[in-house]
Amino acid sequence: MIKLNGLGMVYPNGFTGLHPVSLTLHQGQFTVLIGQSGAGKSTLLRCLNFLNHPSEGSLEVEGLGEIKPGPVLREHRRRTGIVFQQHQLIGRHSALQNVLVGRLGYHLPLRGVFPLPQSDLELALECLDRVGLADKALERVDKLSGGQQQRVGIARALVQKPRIMLADEPVASLDPATSNRVLEILSGICKEDGILAVVSLHQIELAKQFADRIIALAEGKVSYDGPPAGLCPQTLHCIYNGEALAA
Ligand SMILES: Nc1ncnc2c1ncn2[C@@H]1O[C@H](COP(=O)(O)OP(=O)(O)OP(=O)(O)O)[C@@H](O)[C@H]1O
Ligand SMILES: [Mg+2]
């Protein structure tokens, strides 16, 4: 569970990226952020693990209490898997090596990158299997397709055994069929493991298909927060045209 208590963020140039918002995200819930370009989706996502340091309010995480820089933030980040738009993999390394990078947070920085314990290796292989890539474990990732690379990115996040998963436009560079498959895998795993997921998407149809809850942002403010079924064409029109929603 993550609780945002009046959480807001002002960029150093004085621009308000996120107006103070209070809401609670629940374990096992797949929340999709939607909204026009510049609406504040990435800002909100980045506030959830302090990549953007909130300027006001507080963030509470179940089991950790209020997040503050230091050991609590480090533990929060260790429990939070991140899936990037451009997956940020090391092209010349194998899928397995890339996934193992996700285990580094569990070891002392001075331990060195490799070799990691056998148990990490087994876990990494299991994660690759869960994203349907067991047979590609030893393949260089720059030889994999975009969808396969994104699945390696998911496996890398998963090997952290996260309680929370954050993904900023994880399917932005994929074709529709591959986007569907990648989201199916991501949402399926989050459901199975009871992971709290927050995922930004530009494709409304995908958002409706996979979300338990949709949060729409417009100009740094929440303009809709509810089930996909509540997103009628009129509501969507308001969200994407910055008009106030009828109460
Ligand atoms: N480093 C920054 N300094 C100042 N303003 C910023 C900074 N980063 C983002 N912004 C502004 O904050 C607002 C929200 O940006 P954000 O990246 O969160 O939007 P977004 O909804 O993720 O958009 P997109 O769909 O294009 O990714 C935008 O108006 C953007 O110009
Ligand atoms: Mg963004």
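I'll start with a strand pair: β6 and β7 run parallel and are joined by 4 bridges. One of the residue pairs involved is threonine 80, whose bridge partner in β7 is isoleucine 164. Before going on, note that this is a predicted model.

Staying with β6, which covers residues 80-83, both of its faces are covered. Thr80 and Ile82 are buried on one side, and Gly81 and Val83 are buried on the other.

Now the overall picture. The secondary structure comes to 8 helices and 10 strands. The radius of gyration is 18 Å, close to the 18 Å that the globule rule gives for 247 residues, so the protein is as compact as a globular protein of that length. The C-alpha trace spans about 55 × 40 × 35 Å along its principal axes. Of the 247 residues, 38% are buried. As for contacts between residues at least 6 apart in sequence, 69% of them join residues at least 24 apart.

Lysine 3 has glutamate 60 as its bridge partner in β4.

On to the domains. The assignment gives domain 1 as 1-79 + 163-247 and domain 2 as 88-161. Their C-alpha centres lie 25 Å apart. Across the boundary, 11 residues of domain 1 are in contact with 12 residues of domain 2. Which helix gives the most to the domain 1 side? That is α6, residues 176-193, with 6 residues. By class, the side of domain 1 that touches domain 2 has 7 nonpolar, 2 polar and 2 charged residues.

Now the ligand. Ligand 1 is surrounded by Tyr11, Asn13, Phe15, Gly17, Gly35, Ser37, Gly38, Ala39, Gly40, Lys41, Ser42 and Thr43. Helix α1, residues 41-47, supplies the largest share of this shell, with 3 residues. By class, the shell divides into 3 nonpolar, 8 polar and 1 charged.

Last, two backbone details for anyone checking torsions. Lysine 161 is not a glycine, yet has a positive phi of about 50°. Lysine 161 is found in the loop between α5 (146-158) and β7 (164-168). Is lysine 161 buried or partly exposed? With 16 other C-beta atoms within 10 Å, lysine 161 is partly exposed, because buried would take 20 or more.

The other case is glutamate 219, again a residue other than glycine, with a positive phi near 50°. Glutamate 219 lies in the loop between β9 (213-218) and β10 (221-226). Glutamate 219 has 13 C-beta neighbours inside 10 Å, so it counts as partly exposed; exposed would require 12 or fewer.

That is the end of the talk.

Terms used: Residues are numbered from 1 along each chain as its sequence is written. Chains are lettered from A and ligands numbered from 1 in the order in which they are written. This is a predicted model: local features need pLDDT of at least 70, side-chain atom pairs count only at pLDDT 80 or more; totals for chains, interfaces and linings use all residues. A residue is near a molecule or strand if its C-beta atom, placed from the backbone, lies within 6 Å of it. Ala, Val, Leu, Ile, Met, Phe, Trp, Tyr, Cys and Pro count as nonpolar, Asp, Glu, Lys and Arg as charged, and the others, Gly among them, as polar. Two strands pair if DSSP finds at least two bridges between them. Domain bounds come from an automatic or database domain assignment. Two residues are in contact if their C-beta atoms, placed from the backbone, lie within 7 Å. The radius of gyration is taken over C-alpha atoms; the globule rule is 2.2 Å times the number of residues to the power 0.38.
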